[in-house]
Every structure is written in structure tokens, then in C-alpha cells.
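Student: Please walk me through this one, a feature at a time.

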Amino acid sequence: MKDANDTNDTNDTQDVRDVRDTNDSAAQLLEALAAQDDATMDRLHERLAAEAGQAGLLDVAYRTLDSPVGPLLLAATEKGLVRVAFAVQDHAAVLQQLADTISPRVLRAPRRLDAVSRQLDEYFTGQRRGFEVPLDWRLSKGFRREVLTHLPDIAYGRTASYAQVAAAAGSPRAVRAVGTACALNPLPLVVPCHRVVRSDGSAGQYAGGADAKHLLLELETAA
């Protein structure tokens, strides 16, 4: 015959099992709801971006793209691609700069950047040697813009020295200014400042870091 203590122990054990089962069920339910919420939020965000664009309220669209040189931030205005940034440049800070210099109406809207995203993927897999997307040059002015507009003339797989670029831009003595223009290039990769090297052939500095520059140069020379 079971005494009261045995009955209480059995009830306590069952209660523990019931609590565990309840907790497991609750956790599964919350996980399912979270997944649904993420999907719902993605759909709502996509709709918001589309409606903002149609209403002329989306001044800067952005997205991120995984790449062999790390996550890239891509941003575009209605005129074209306006910014490409590496993770080491701090994507949050770059977005704030875009809000300060162009417009506070900045929104994640990947569709505007579909073309450049696809072309970058093709570039990194060796299927593309140049880019065919409209560019918004507003973040570069004066001599710096003059320098940057000459960079696509450097052929894929080739390099040019800072001195050669300075001469091509019409100011042979402005070697240091060419270096500054490349360092501040708002459109790296698409506007290939990684192809500009020192006169001794060494790679020199790069906004995405030395490893990124070496990777890009090796990618192009190996093709």
C-alpha cells in the first residue's frame, strides 16, 4: 500500500514533466511565431520600400552583399549607384553620412540594387570584367572626380601608377592628390581604384584593406 509521501512524489514528478512539456511546446510555438514574424516583417518592409519609391520618398536605397572581400554596402539614388563600402568602413557610419549629405530618407530597398549586385557576383566569379550600371558621382567633386572618371580606363588585369593616373588626369605633379582621390573613392570595385599602385609596383593603401586589394588584383590577373 502506497503512503501519502509516495503519492506526493509521483504527483511532483508528473508536475515536473507537465511543466517541461509545456515549456517545450511554448518554445516551439514562439519559434514558429518568430519565423512567421520575420517573414511578415520582410514582406511589409518590401511593400514599404516599393510604396516609398513610387511616392518619390525613397532618396537612397541600400542593401548589403556578401563577397570574397567581406560584406559590401551598396547604396543608390534614382540617378544611380552612389556608394559602395567595405565592412571596415563601418556600414552604419556610412549610412549616417549618406543621410547627412544626400537625404535622411534612406531605406533598405534591395530591388533598386539588383543589377549591380548581380554584376558584382559575376565579377567575383570571373564572368565579368566591367560594370554597366548608372553612377551618381555627387560624392566626388573637382579634381577627385576627374581622377575617378579615368580609372575605368585601366584595363581589367592591368595596373597603373599614381603618377600615370595624375598625368592622365592632366596634372602630372598631383600624385598625392591622386592617392587621396583613390582613398576617398565612394565607388570602389565598380570604379577600380584597386588597379592604381605605387611606382615601384607595390600595392599601396586601399579603403577595403591591404588584403582586399591583393585579392582583387590576384583575381583579375588570374583570369
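Tutor: Start with one residue. Ser140 touches Arg145, Leu148 and Pro186, with residues up to four places away in sequence left out. Contact here means heavy atoms within 4.5 Å. This is a predicted model, where local features need pLDDT of at least 70 and side-chain atom pairs count only at pLDDT 80 or more, while totals for chains, interfaces and linings use all residues. Residues are numbered from 1 along each chain as its sequence is written, and side-chain values use heavy atoms, without hydrogens and water.

Student: Is Ser140 buried or exposed?

Tutor: Learn the scale. Buried means under 20% relative accessible area, exposed means over 50%, and partly exposed is in between (1.4 Å probe, protein chains only). Ser140 has 4% relative accessibility, so it counts as buried. Ser140 sits in the loop between H3 and H4. Over the chain of 223 residues, 36% count as buried.

Student: How many helices and strands does the chain have?

Tutor: The labels come from DSSP runs: helices are H or I, at least four residues, strands are E, at least two, and numbering starts at the N terminus. The chain has 7 helices and 6 strands. Along the sequence they follow α-β-β-β-α-β-α-α-β-α-α-β-α.

Student: Which residues of helix H2 are buried?

Tutor: First the general idea. An α-helix has 3.6 residues a turn, so residues three or four places apart point the same way. Now H2, residues 91–101: His91, Val94, Leu95, Leu98 and Ala99 are buried. They span an arc of only 140 degrees around the axis, so they lie on the same side of H2. The arc is taken from the directions from the helix axis to the C-beta atoms. Exposed Ala92, Asp100 and Thr101 are on the face of H2 turned away from its buried side.

Student: What covers the buried residues of H2?

Tutor: The cover includes strands S1 (60–65), S2 (72–76), S3 (81–86) and S4 (106–108).

Student: Which residue caps the N-terminal end of H2?

Tutor: Asp90 does, with a side-chain oxygen 3.2 Å from the backbone nitrogen of Ala92. Asp90 lies in the loop between S3 and H2. Asp90 is not a glycine, but its phi is positive, about 70 degrees. With 40% relative accessibility, Asp90 counts as partly exposed.

Student: Which residues have the most contacts inside the largest nonpolar core?

Tutor: In soluble globular proteins, nonpolar side chains tend to be buried together. A nonpolar core is a set of buried Ala, Val, Leu, Ile, Met, Phe, Trp, Tyr and Cys residues joined through side-chain atoms within 4.5 Å. Here the largest has 37 residues, and Leu120, Leu151 and Leu189 have the most contacts inside it. H3 gives the largest share of this core, 4 residues. Apart from it lies another core, of 9 residues, including Val60, Leu73, Val82 and Leu98.

Student: Where is Leu189 found?

Tutor: Leu189 is in the loop between H6 and strand S6 (196–197). Leu189 is buried, at 1% relative accessible area. Its phi is positive too, near 75 degrees.

Student: At what angle do the axes of H4 and H6 cross?

Tutor: Two packed helices are described by the angle between their axes and the distance between the axes. The axes of H4 and H6 come within 9 Å and cross at roughly 80 degrees. That makes H4 roughly perpendicular to H6. Phe143, Arg144, Val147 and Leu148 of H4 make the contact with Ala177, Val178, Thr180 and Ala181 of H6. Axes are lines fitted to C-alpha atoms, for helices over the stretch in contact, with angles from 0 to 180 degrees between N-to-C directions. Under 35 degrees is roughly parallel, over 145 roughly antiparallel, 65 to 115 roughly perpendicular, and the rest oblique.

Student: One last residue, please. Where is Ser67 found?

Tutor: Ser67 is in the loop between S1 and S2. Ser67 is buried, at 16% relative accessible area. The side chain of Ser67 reaches the backbone oxygen of Gly70 at 2.6 Å. Setting aside neighbours within four places in sequence, Ser67 is in contact with Leu72 and Phe124. Ser67 and Phe124 are 57 residues apart along the chain, and their C-alpha atoms are separated by 7.6 Å.

Key:
Polar contact = N/O pair within 3.5 Å; in protein donor to acceptor, adjacent residues only side chain to side chain.
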